Amino acid sequence: MAPAATRSAIFRLINAAQSNSASTHIHGPLGLQQLRKLATPVNAVEKEYAFEVAASNLRFGEGVTREVGMDLKNMKARKIGVFTDPVVARLKPLQTAIESLQSQKDLPFEVFDEVVAEPTEESWRRAISWARERDFSHFLAVGGGSVIDTAKTANLFTVYKDADLMDFVNAPIGKGLPIERSLRPLIAVPTTAGTGSETTGTAIFDVTSRAFKTGIANRALKPVLGIVDTANTESCPIEVHISAGLDVLFHSLESYTAIPYSERTPRPANPILRPAYQGSNPVADIFSLWALKTTVKYLPRVANDVADREARSQMLLAASFAGIGFGNAGVHLCHGMSYPISGLNKQGPKYKHPGYQVNHPIIPHVFQFTAPSSPDRHREALAVFNNTTVTDPSITSIPDSEIGAHLYESIARFLDGLGVPRGLKAVGYTKEDVPMLVDGTIPQRRVLDLAPNIGDVAGEDGREHLTRILEASLEY
């Protein structure tokens with residue numbers, strides 16, 4: 001029996017059936033002919049008409065970690081679950097947080113220091129079980145995105161004691177159920193300038209049985225407070241700064257170039273069903289563009305001198321700003337394709353590079369593909385990478401049809417300056433791996449449906465485009 005159609009696939013099919021088929025060829029630099037189906041709908045599926053803005057409260061400054069004990073005391077915490085990983089457990093950020101907790105009277109806590117980098121279904125279930133047994137009233141996460149995401153999940157399943165992990169995992173991989181109960185307060189203290197998890201309602205893990213990543217995305221997961229302490233990235237090696245900084249680049253570029261929120265379908269029947277990832281919108285744009293400009297300016301400085309305090313501080317703030325941007329607009333192709341690239345790497349190439357993740361070589365090709373959908377936004381991004389303004393004649397003189405090619409070159413040059421390997425072949429993948437990578441990307445509807453030329457085209461699942469992008473990304 002054929003597998004049941006997903007909700008998003010059904011809506012794309014309805015839109016396709018209600019559209020007159022007319023082809024418009026958009027010749028991007030990759031030579032792709034992107035078929036547009038011009039809709040003249042009858043009782044068409046309604047598009048979104050609203051967007052929401054949700055983000056954690058943020059406190060930014062050097063040394064603010066030492067305030068966390070007072071924060072939790074002010075919240076009248078009964079018992080705190082502290083989450084970290086084995087590395088951070090030995091470092092100053094956690095020591096400062098623990099000392100702050102201990103400075104308060106009658107503030108009991110227990111520490112879970114077994115969070116794994118790149119969490120898996122198994123590691124999440126272990127953390128959930130630990131938290132459920134202790135019934136914490138509040139949670140504190142001190143670490144990178146993996147730690148914060150694990151704490152979010154432990155919090156969720158402490159409240160939903162009888163639920164299974166896959167109940168809330170994004171559809172179609174999991175059931176994607178809405179979160180209807182209030183969760184316990186969570187404070188997040190990031191120790192890397194990358195994921196922006198301290199601002200978002202997103203948590204990501206590796207589904208090892210299917211060799212790709214997915215996650216849970218719901219506003220209810222977001223921390224009540226992100227403590228962004230510039231002292232907490234001092235101990236990071238330069239490799240971690242670069243890798244984390246490229247996450248900020250991903251987040252800001254993808255959220256700024258996602259399809260507009262008003263193009264997303266279907267319109268939710270109930271506000272509780274409105275996704276966290278909504279499409280680009282005026283508020284998210286402000287945060288995403290600032291984060292992009294800041295990353296392009298300061299990440300190379302960190303790479304050249306990890307002791308550059310101003311650059312480190314600005315990158316930490318950029319990570320949070322990008323988190324607010326993508327936490328409300330969403331991400332698209334880079335993340336959708338990175339999940340199987342990262343997951344399959346553990347089984348296949350097993351490539352390791354200091355400070356480098358295997359998904360980064362796809363970035364230039366993604367934005368070469370998406371440029372025809374919104375030339376103005378990609379032109380703005382090009383100006384940022386070229387350290388100029390969008391009104392500069394060197395930018396305004398470029399035809400819309402060539403923006404993608406120029407942006408491709410500028411992004412590739414930026415990545416070269418950071419030592420990122422050129423192409424997926426450089427990290428161990430071959431053309432024979434492309435079908436598996438595509439198969440691992442297709443289920444990532446949460447992000448693919450926000451991708452220009454895929455999410456805004458009726459009946460498009462993106463398989464053909466994904467194949468071409470990945471093949472082009474093998475080497476450049």
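**Salt bridges, cavities and backbone**

Analyst: A salt bridge here is a side-chain nitrogen of Lys or Arg within 4 Å of a carboxyl oxygen of Asp or Glu. This is a predicted model, where local features need pLDDT of at least 70 and side-chain atom pairs count only at pLDDT 80 or more, while totals for chains, interfaces and linings use all residues. Residues are numbered from 1 along each chain as its sequence is written, and side-chain values use heavy atoms, with hydrogens and water left out.

User: Where do R184 and D135 lie?

Analyst: R184 is in the loop between helix 5 and strand 5 and D135 is in the loop between helix 4 and strand 4 (138–143), so the pair ties together parts that are 49 residues apart in sequence. Helices (H or I, at least four residues) and strands (E, at least two) are DSSP runs, numbered from the N terminus.

User: How many salt bridges does the whole structure have?

Analyst: A search of the whole structure finds 29 salt bridges. One of them joins D149 and K152, with the closest N and O atoms 3.9 Å apart; these two residues both lie in helix 5, 3 residues apart, about one turn of the helix, and both are buried. There is also a network, in which salt bridges that share partners join E48, E52, R219, R264 and R274.

User: Changing topic, how many cavities of 30 Å³ or more are there?

Analyst: The structure holds 4 cavities of 30 Å³ or more, and the largest cavity has a volume of about 50 Å³. On a 1 Å grid over the protein atoms alone, a cavity is a set of points where a 1.4 Å probe fits but cannot get out, and lining residues have an atom within 4 Å of a point. Grid points are joined across faces, edges and corners, and a volume is the space filled by probe spheres set on the points.

User: Which element gives the largest share of the lining of the largest cavity?

Analyst: Helix 6 does, with 4 residues. The lining of the largest cavity includes C236, V240, H241 and M315, and its residues divide into 7 nonpolar, 2 polar and no charged. Ala, Val, Leu, Ile, Met, Phe, Trp, Tyr, Cys and Pro count as nonpolar, Asp, Glu, Lys and Arg as charged, and the others, Gly among them, as polar.

User: And what about the lining of the second largest cavity, by class?

Analyst: That lining has 2 nonpolar, 4 polar and 2 charged residues, and R219 and K222 are among the residues that line the second largest cavity.

User: Last topic, which peptide bonds are cis?

Analyst: A cis peptide bond joins A171 and P172, with omega about 5°, and the bond from T265 to P266 is cis as well, with omega near -5°. P172 is found in the loop between helix 5 and strand 5, whereas P266 is in the loop between helix 6 and helix 7.

Conventions: Buried means under 20% relative accessible area, exposed over 50%, partly exposed in between (1.4 Å probe, protein chains only). On a 1 Å grid over the protein atoms alone, a cavity is a set of points where a 1.4 Å probe fits but cannot get out, and a pocket is an open set with protein on both sides within 12 Å along at least five of seven lines; lining residues have an atom within 4 Å of a point.
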